[in-house]
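The following note sets out points for a colleague who is about to work with this model.

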Amino acid sequence: MQAIDIHNHFFPRSWPDFAQRFGTPNWPWIKHTEAGKADIMVGDRFFRHIYSACWDPEVRLQEMDRDGVDLQVISATPVLFAYERPLQHALQSAQLFNDAALELCSQGKGRLKSLCQVPLQDIDAACKELSRCMRAGHLGVQIGNHVAEKNLDDPGMVTFLHHCADEGAAVLVHPWDMMGQQRMPNYMMPWTVGMPAETQLSLVALILSGAFDRLPSTLRICFAHGGGSFSFLLGRLENAWHHHRVARGACQFPPRHYLNRFYVDSVVFDEPTLQFLVCTMSAERVLLGSDYPFPLGEEHVGTLIRESHLSGRAKAQLLGGNAKQFLRLELGADARGDNDALTQEGGLSAGHSERLSYSSYLEVAELLDLQHPQSSPPHHDELLFIIVHQTYELWFKELLHDLDAVVANLQRASANPESRDEVYEAARLLRRCTEITRVLVEQFTILETMLPTHFLAFRDKLEPASGFQSEQFRELEFLCGLKDAKMLAYHKPTPEAHRRLERRLREPSLHHVFFEALQAMGTLPAPEPGASEEQEFETRSRAILSLYKNEQHYRYWIDVCERLTEFDELVVSWRLRHIQLVERIIGIRMGTGGSAGASYLKHTLDKKFFPELWEARTLLTE
Ligand code: HEM
């Protein structure tokens, strides 16, 4: 597995006396104390002990070999940011650092790359320096999370981030200049308390201001130290967003919707925390970082991820796979899939957007490397069996993606009952969901070209794997409203999946937000205190009835109802075709997941996501 560390620091071996050059105090400088050791000083004040790994490429490479790190992307320590200084001073400091970083990388045998720094107090100058650095070979930029009172949602900062996207520059946001320091004089609390809060503040500002709605989705931005306290308090943020109009800000969707717009690094030092982070952000959004070679960094870079109980695939993503996306790195032709080749000069090359190709964009090589038959020698039909299941899972992923957006649109419709845009958008996306599900129903015929005898030839290799363990299928059920906590038991062996499903259990379902929207519109009365579930069901069904009876007025909502009905219908068709397939291939045998097989599955045919939509039909004909 390749390991790419995107968060580690560099301090040049020699650094000018800016205090003397500019006549202003408290510049950072390096005081060499003994061979291989130095202190970073800020003016007369001691700041941090460092050692030769900070500036010596040989030492870095040796320690990278020791830790199994293939590539480091170095960046400045935030004391060098100088955002509070006059532009010309900060620019000279940034340029000196940026050139020194490239010089270090040139001695790194292709295994050191860099992020530049910019004078962020002046957006024009910051954009110019970024462009210069990208041309010179930096992969992106590290920025502090604020400039004095300006957070990342400040219009100038957003302009800069836009420029980063245009330049294809990866952005690492590092907390600095921590708030409330007068209340944290001891115990390094600015680092342990202030830094996580700073990062959370930046993320919340970017989300709620609607900046992510305006910034291009091509922006690649990562937040240091696991995104600070953001993911741990996301539930609180969501709750406020849903319940207090004033907490909503200007963003189009609930905060969780934006999780796929940024990355976080893995600098959290604790396995349960890492697991939680992966569960919240997904394994695609966490990148190896270390804070190396500073005293608060990970001692042996990558150990937390390697020794965690994450799946092998998730580990590979966190260690290096995601960083390749984040940095737009491509393996050189001779280095493909070969760890050693990475260590050769030029083994890794930066591929900015103009170098994107069909196969690198779609990751065709990775995709085609994901089929691993268990039978030995591989049975001819096992490849088909794997590919059919994988395509189902891909479509499940798209369904979840679209249904989440339907939920968000209906929530926004609740908040603004007069507006039709969200209702239209929900119906449009639901139509896509029905078309995908239609394909899923049809797709079983391909698997039916496999003879039962051929399946039996490799079936015993599959136990105890079973469709019961399809996390995404269960997520779809939970998301639509069929929440059965008992089904979590099948996901105990995969903690990530278990936690995601628990989250789905807690979150409002499509069923819930749909009726909440009808309530906000005044079509559905608020539940009577003490009403039974049957009475509430009838009230909901009559609300649907009233929509259909007033077609002129509720055209858009009727479209949503029709799409939901069709989706419900198609999912039942999927269940039926699956049962037919099961009977055709294994008759009435038990399943590999331990159920009674087809006879068990037949009970699921009565499951409906939106039974009120069906009941309304009966009421219409009364
Ligand atoms: C040879 C083909 C297949 C056979 C023999 C088969 C068999 C079964 C059986 C017997 C079950 C019941 C649980 C158990 O005891 O294991 C089941 C459940 C399931 N299967 Fe399949 N299956 C096949 C293909 C597929 C395909 C292509 C998918 C596509 C994703 C799929 C998805 C599922 C799902 C999601 C469940 C859980 C259903 C529920 O809980 O309602 N199966 N399968």
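1. Aspartate 177 sits in the loop that runs between strand S8 (170-174) and H6. The model is a predicted one, and in it this residue, although not a glycine, has a positive phi of about 45°. As background, most residues other than glycine have a negative phi, and most peptide bonds are trans.

2. Two cis peptide bonds deserve a mention here. One leads from tyrosine 292 to proline 293, with omega near -5°; proline 293 belongs to the loop between S11 and helix H10 (303-306). Another joins serine 376 to proline 377, where omega is about -5°. Proline 377 is placed in the loop between helix H14 (364-368) and H15.

3. Eight strands form an open sheet with parallel pairing, in the order S1-S5-S6-S7-S8-S9-S10-S11. Strand S1 (4-10) and strand S11 (286-287) are the edge strands; each has a single partner strand, so one side of each has no neighbour in the sheet. Within the sheet, strand S5 (residues 71-76) pairs with strand S6 (residues 112-116) in the parallel sense over three bridges. Isoleucine 74 has serine 114 in S6 as its bridge partner.

4. Which residues come nearest to the ligand? Of the 28 residues around the ligand, these are Ser466, Arg474, His578, Gly593 and Ser595. By class, this shell comprises 15 nonpolar, eleven polar and two charged residues. At least two shell residues come from each of helix H15 (382-415), helix H16 (421-447), helix H18 (471-480) and helix H22 (551-586). H22 provides the largest share, six residues.

5. An oxygen atom of the ligand lies 2.8 Å from a polar side-chain atom of serine 466. For arginine 474, an N or O atom of the side chain is 2.8 Å from an oxygen atom of the ligand. For histidine 578, a side-chain N or O atom is 2.9 Å from a nitrogen atom of the ligand.

6. Histidine 578 is part of helix H22, the element with the largest share of the ligand shell.

7. The count of cavities of 30 Å³ or more comes to one. The volume of the largest cavity is about 110 Å³. Its lining consists of Phe396, Leu399, Thr437, Leu440, Phe473, Leu476, Glu477, Phe567, Val571, Trp574 and Phe609. H15, H16, H18 and H22 are the elements that give two or more residues to this lining. By class, the lining divides into nine nonpolar residues, one polar and one charged. The helices H15, H16, H18 and H22 also each supply at least two residues of the ligand shell.

8. The second largest pocket has a volume of about 1200 Å³. Among its 48 lining residues, Phe47, Arg48, Met178, Trp191 and Met195 are the closest to its centre. Strand S4 (45-51) and helix H6 (189-208) are the elements that give two or more residues to the lining, and H6 gives the most, with six residues. The lining has 29 nonpolar, twelve polar and seven charged residues.

Technical notes:
Residues are numbered from 1 along each chain as its sequence is written. This is a predicted model: local features need pLDDT of at least 70, side-chain atom pairs count only at pLDDT 80 or more; totals for chains, interfaces and linings use all residues. Side-chain values use heavy atoms; hydrogens and water are left out. A residue is near a molecule or strand if one of its heavy atoms lies within 4 Å of it. A polar contact is a pair of N or O atoms within 3.5 Å; within protein, one must be able to donate a hydrogen and the other to accept it, and residues adjacent in sequence count only if both atoms are side-chain atoms. Helices (H or I, at least four residues) and strands (E, at least two) are DSSP runs, numbered from the N terminus. Ala, Val, Leu, Ile, Met, Phe, Trp, Tyr, Cys and Pro count as nonpolar, Asp, Glu, Lys and Arg as charged, and the others, Gly among them, as polar. On a 1 Å grid over the protein atoms alone, a cavity is a set of points where a 1.4 Å probe fits but cannot get out, and a pocket is an open set with protein on both sides within 12 Å along at least five of seven lines; lining residues have an atom within 4 Å of a point. Grid points are joined across faces, edges and corners, and a volume is the space filled by probe spheres set on the points. Two strands pair if DSSP finds at least two bridges between them.
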